[in-house]
Amino acid sequence: MGSIRKEVWDSYLKMFPDEEVMLSPFLSGFFITWARLRKEYNTELKIFFLSPEQNIKESYGFENEVMLVYAPFKSMEPRTLQAVEQIYSQSPAKGRVETLNYFLVSDDPKVREWLDTYTSSRQESRIIVSFTRKELEENRGNTWFVRNRLNEQFFGRDLFNYSLPLIEDTYFFGRQQLVMEYLDAIKRKENKAVFGLRKTGKTSFLFKLKRLVENEKIATVLYFDCKQPDIRKSRWFELLEEIATLLKKHFSIKETLIFDDKIASKSFFKLIQYVKNRNKQVCLLFDEIEFVSFVAKLDSHWHHDFIEFWQTMWSCQSQLKNFSFIISGVNPSVIETDIVNGVQNPLFGIVSHRYLTGFSEDEVRIMIRTLGKRMGLKFDHFSISSIFKWYGGHPLLTRLACSWLNTTLSAEAQKPIDINNEIFEGSLKNRG
């Protein structure tokens with residue numbers, strides 16, 4: 001049985017003694033260790049940290065404290081969740097509390113319906129286990145109330161079933177050493193490239209890099225998906241203008257610059273000079289680079305425009321030195337070919353690159369166990385080793401395999417479910 005720490009009583013509950021009743025159901029499994037009022041996004045929230053007892057840790061895979069947010073408002077609004085995200089990014093929550101989930105208490109009687117609607121289109125959202133203050137107070141003596149809600153929210157969601165690039169940090173696993181290598185390169189204003197097979201996580205990697213660079217305020221980062229028709233169909237000077245428009249907006253630069261076939265390079269150089277005069281750095285991320293290169297299949301004008309575009313980039317970087325770029329794709333020939341149409345490839349020799357392979361076995365183990373425990377799936381050491389060997393650490397294939405296991409096993413047994421190597425190998429036979 002948990003308890004409320006003296007520090008919480010002294011620093012918080014003496015001011016809000018009526019909230020003890022609301023917190024009471026959480027004492028069946030948690031210690032309440034910290035409490036404060038926080039104001040973010042013009043919203044005042046009440047924040048608690050709950051330290052789980054050992055049996056709760058083992059049941060749900062918690063390793064850190066769990067944040068509890070009380071929003072004392074009669075109706076839910078998106079800014080409440082935006083404020084929570086801001087709190088997550090700051091001390092003392094950052095690095096101290098669980099990142100995949102938190103408790104949310106509201107005075108809104110329809111908080112659960114509101115959350116279902118709000119998060120239905122946001123697959124990467126954290127698991128938000130919600131309560132109304134009224135139902136918590138009515139279940140003060142019910143030692144299973146919070147745990148039943150955890151089971152309902154955790155065991156009913158398939159966290160493995162996600163195949164789109166990861167825009168947020170919530171479900172990003174692995175690649176930490178590579179991320180730091182590329183982050184250091186951006187700090188040094190060096191160019192990098194990352195190549196790999198489809199669905200190995202290149203775009204998720206770029207988004208992770210973008211978040212880190214922006215959080216550390218190293219540079220202004222712009223991301224471009226080169227397979228988008230509006231980008232790949234652009235001429236080289238039109239793409240320069242698109243980049244320039246975004247930079248002008250970001251830095252509030254008012255001067256009119258002309259981008260045509262003759263002076264686009266000069267205008268772009270002038271813009272980057274403006275940015276440098278403000279002691280700012282720019283990093284451009286180009287994903288699916290093949291679509292705007294001399295190997296482009298759909299838009300043949302890039303067989304020639306490639307030289308013009310990258311000569312401009314190369315010239316700006318070599319002279320102004322406040323500018324770098326990261327490119328991503330499947331085919332490394334865009335940086336390994338030395339001569340293109342009889343002209344030196346501007347990217348040859350100025351971009352170091354790495355191949356994005358599958359996760360290591362340790363990275364697979366962390367991902368499967370972290371997500372699995374939240375879903376009521378407990379994979380043993382041998383089953384994870386088999387999954388790693390079977391799928392080679394491929395992030396998407398590993399997730400899909402675990403998602404299929406979740407679907408089939410949930411139909412046959414009640415969670416939590418222990419998964420051993422025999423169960424995994426049996427699932428392979430059932431899939432034919």
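Here is a walk through the sheet, an aromatic pair and a pair of helices.

This is a predicted model: local features need pLDDT of at least 70, and side-chain atom pairs count only at pLDDT 80 or more, while totals for chains, interfaces and linings use all residues. Numbering starts from 1 along each chain as its sequence is written, and side-chain values use heavy atoms, with hydrogens and water left out.

Stop 1: Select the five strands, which form an open sheet in the order 1-2-3-4-5 with mixed pairing. Strands here are DSSP runs of E of at least two residues, helices are runs of H or I of at least four, and both are numbered from the N terminus. Two strands pair if DSSP finds at least two bridges between them. Strand 1 and strand 5 (127–132) stand at the edges with a single partner strand each, so one side of each has no neighbour in the sheet. From one strand to the next, the twist averages 25°.

**Stop 2: the hairpin.** Now pick residues 30–40 and 43–52: these are strand 1 and strand 2, antiparallel and joined by 10 bridges. Click Lys 39 and you'll find its bridge partner, Glu 44, in strand 2. Two residues sit between the strands, and Tyr 41 takes a positive phi near 50°.

**Stop 3: the parallel part.** Strand 3 (residues 66–71) and strand 4 (residues 101–106) run parallel, with four bridges between them. Show Leu 68 and, opposite, Phe 103 in strand 4.

**Stop 4: an aromatic pair.** The whole structure has 27 aromatic pairs, counting rings of Phe, Tyr and Trp (its six-membered ring) with centres within 6.5 Å. Select Phe 26 and Phe 131: their ring centres are 5.4 Å apart and their planes at 80°, so the pair is edge-to-face (planes over 60 degrees apart; under 30 is stacked and the rest tilted). Phe 26 is in the loop between helix 2 (20–23) and strand 1, and Phe 131 is in strand 5, 105 residues apart.

**Stop 5: two helices.** Jump to helix 11 (residues 236–251) and helix 12 (residues 264–277), whose axes come within 10 Å and cross at roughly 20°. Axes are lines fitted to C-alpha atoms, for helices over the stretch in contact, with angles from 0 to 180 degrees between N-to-C directions. That makes helix 11 roughly parallel to helix 12 (angles under 35 degrees).

Methods
Parallel < 35°, antiparallel > 145°, perpendicular 65-115°, else oblique.
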